[in-house]
Amino acid sequence: MSKVAVIYWSGTGNTEQMANAIADRLKEKQIDLDIYQASDFDESKLADYDGFAFGCPAMGDESLEESEFEPMFESVEGKLENKAVIIFGSYEWNEGQWMLDWQERCKDNGINLAANGLAVYDSPSEEDIRSCQNLADKLIEML
C-alpha cells in the first residue's frame, strides 16, 4: 500500500485549507498518509513515503516561505526522483509567478510532478477545493 506525506506551511490558513482538502481526498481513496507542517519534516523521513504533496504560499517577492519551508524543501528536492509529487499554495497579489518558478525548479531537479502546481488566489472557494481534490487524484494515479 502506498503512503503519502502532505507537507505545508501556511501563514493565513489558506494553504492549510488546501492541504486538508488534499489529505481528505487521499483518505477518501484509502491512501495511508501523514500531515506535517514544514518545520516538522526533514529528509530523514523521505524513505517512509511513496508520494509527497508540498504546499507553500507565495511570500514577499513571490518566493517560497524562507524560514521554514524553503530550507526543508531545499534539503529534500534533490532526493525526490522516482517519487510521486504535487505542489500547491495560495497567493494574494501579483499573478502567481512563484508557482511557475517552483514548477520549473522541480523539473530542473528531476522531480516528475504528477500535475502542474495548483495556485489559488486568496481563500479557497468550493471550486478551488474541487481542484485540490483533482490534484490529489493526479497524485494517486502516479503512485
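Start with the contacts of the whole protein chain (contact means heavy atoms within 4.5 Å): among those with a separation of 6 or more, 78% join residues 24 or more positions apart. The model is predicted: local features need pLDDT of at least 70, side-chain atom pairs count only at pLDDT 80 or more, and totals for chains, interfaces and linings use all residues. Residues are numbered from 1 along each chain as its sequence is written, and side-chain values use heavy atoms, with hydrogens and water left out.

Next, colour by secondary structure. The protein chain has four helices and five strands; helices (H or I, at least four residues) and strands (E, at least two) are DSSP runs, numbered from the N terminus. Their order from the N terminus is β-α-β-β-α-β-α-β-α.

Now select strand E3, residues 51-55. Five of its five residues are buried (under 20% relative accessible area, with a 1.4 Å probe and protein chains only), so E3 is largely enclosed by the rest of the structure. Show the side chains: Phe-52 and Phe-54 point one way, and Gly-51, Ala-53 and Gly-55 the other. In a regular strand the side chains alternate between the two faces of the sheet.

Gly-55 has Phe-88 of E4 as its bridge partner.

Finally, select helix H2, residues 69-76, which forms a β-α-β unit with E3 and E4.

How values were computed
Buried < 20%, exposed > 50% of the residue type's maximum accessible area, 1.4 Å probe, protein only. Pairing = 2+ DSSP bridges. Right-handed = clockwise from strand over helix to strand, strands pointing away.
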